Amino acid sequence: MKAIGITEFGGPEVLRVLDLPMPEAGPGEIRIRVHAATVNPVDAMVRQGMAFVHDAEPPYVPGMEAAGVVEQVGDGKDRGLSVGDRVMAVSVVSGTHGAYAEHLVVPAESVVRIPRGASEVEAATLPMNGLTARMALDLLAIPANGTVAITGAAGAVGGYAVQLAKVDGLRVVADAAPQDQQLVSDLGADVVLPRGADFQELVRKEVPNGADGLIDAARLGEAAARAVRDGGRISGFGGRDSTGERGILTKAVYVPAYARDACYDAGDGNIFVDGYYRGTATSGREVEVRFTHHWTVRDGRLAVLRQVADSHVARETVGM
């Protein structure tokens, strides 16, 4: 099969088309014919040798989420999926196991049907980004009626976080560039502040004691801690758990921990209406998610190498 990957670390120019063996679905696994895959910040980290490259030898194939059609079902766990079903999946990258490929094998627990009415391009943005947003909120553990601040709210993770936070009964204070303010407001944010270095100070004007927690999808880092109350929490990306000044606990979001716990099941009892996907999370809470704009690689057969490289360049200029 064809895939897009790397044999050396570097910038977008190191991406190349690879010829790889066809993967087979083993017990408890499903093979997907990939029709769409997303380009996420973590893919650039794989390309640069910063993530998911220490447990296997090159070549490496990035890509943590995809959508397509079931073409092989392994023995074992019955997820109610059959050959020909339209599905979306989250993939934990390891060696040549990534979504930038014509075919992808993943655990059955990491696959769910695509909501009716959604395109494969739309659906491909949900599994990893949606689970990342869900995990970021779970780590904050903010009770209903609390306040969460969200940076990078117009991005895929940030946009899903806004919507899921509202489902959790939270007040959302989010940031957005001028051209994205209406989008973030439509996603449900209670307060939309200008995106920039003074976001934390603007949050304090809205919430004098500070937000109960912060999802730092824009990766502002320590500077954003000012937005959080004493003893609050931050869900961060790319670091480790730590305790900082004023007793603020930073929790590292590591979505592979949720990769076999598909929160978004578009099976019986779930509905897809007016651009919204509604279902029941594994925690028992109802979720309602609208698909957000995201840099997406679409192939038909296989994404053009230039498209992937250009998307990597674009993703490095925006938040999550």
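Mentor: Pro59 lies in the loop between α1 and β4 (65-73). Helices (DSSP runs of H or I, at least four residues) and strands (DSSP runs of E, at least two) are numbered from the N terminus. This is a predicted model, in which local features need pLDDT of at least 70 and side-chain atom pairs count only at pLDDT 80 or more, while totals for chains, interfaces and linings use all residues. Residues are numbered from 1 along each chain as its sequence is written, and side-chain values use heavy atoms, without hydrogens and water.

Trainee: Is the peptide bond from Pro58 to Pro59 cis or trans?

Mentor: The bond from Pro58 to Pro59 is cis, with omega near 10°. Most peptide bonds are trans.

Trainee: Is the phi of Phe52 positive or negative?

Mentor: Phe52 is not a glycine, yet its phi is positive, at about 60°. Most residues other than glycine have a negative phi. Phe52 is placed in the loop between α1 and β4.

Trainee: Why are α3 and α4 called oblique to each other?

Mentor: Their axes, lines fitted to C-alpha atoms over the stretch in contact, with angles from 0 to 180 degrees between N-to-C directions, come within 8 Å and cross at roughly 55°. Angles under 35 degrees count as roughly parallel, over 145 as roughly antiparallel, 65 to 115 as roughly perpendicular and the rest as oblique. α3 and α4 are therefore oblique.

Trainee: Which residues make the contact between α3 and α4?

Mentor: Contact means heavy atoms within 4.5 Å. Among the residues concerned are Asn129, Arg134 and Leu137 of α3, and Val157, Tyr160 and Leu164 of α4. By class, this contact has eight nonpolar, three polar and one charged residues. Here Ala, Val, Leu, Ile, Met, Phe, Trp, Tyr, Cys and Pro count as nonpolar, Asp, Glu, Lys and Arg as charged, and the others, Gly among them, as polar.

Trainee: How many residues line the largest pocket?

Mentor: A pocket is an open set of points on a 1 Å grid over the protein atoms alone where a 1.4 Å probe fits, with protein on both sides within 12 Å along at least five of seven lines; lining residues have an atom within 4 Å of a point. The largest pocket is lined by 21 residues, with Gly221, Glu222, Ala225, Ile234 and Thr250 nearest its centre. Its lining divides into six nonpolar, eight polar and seven charged residues.
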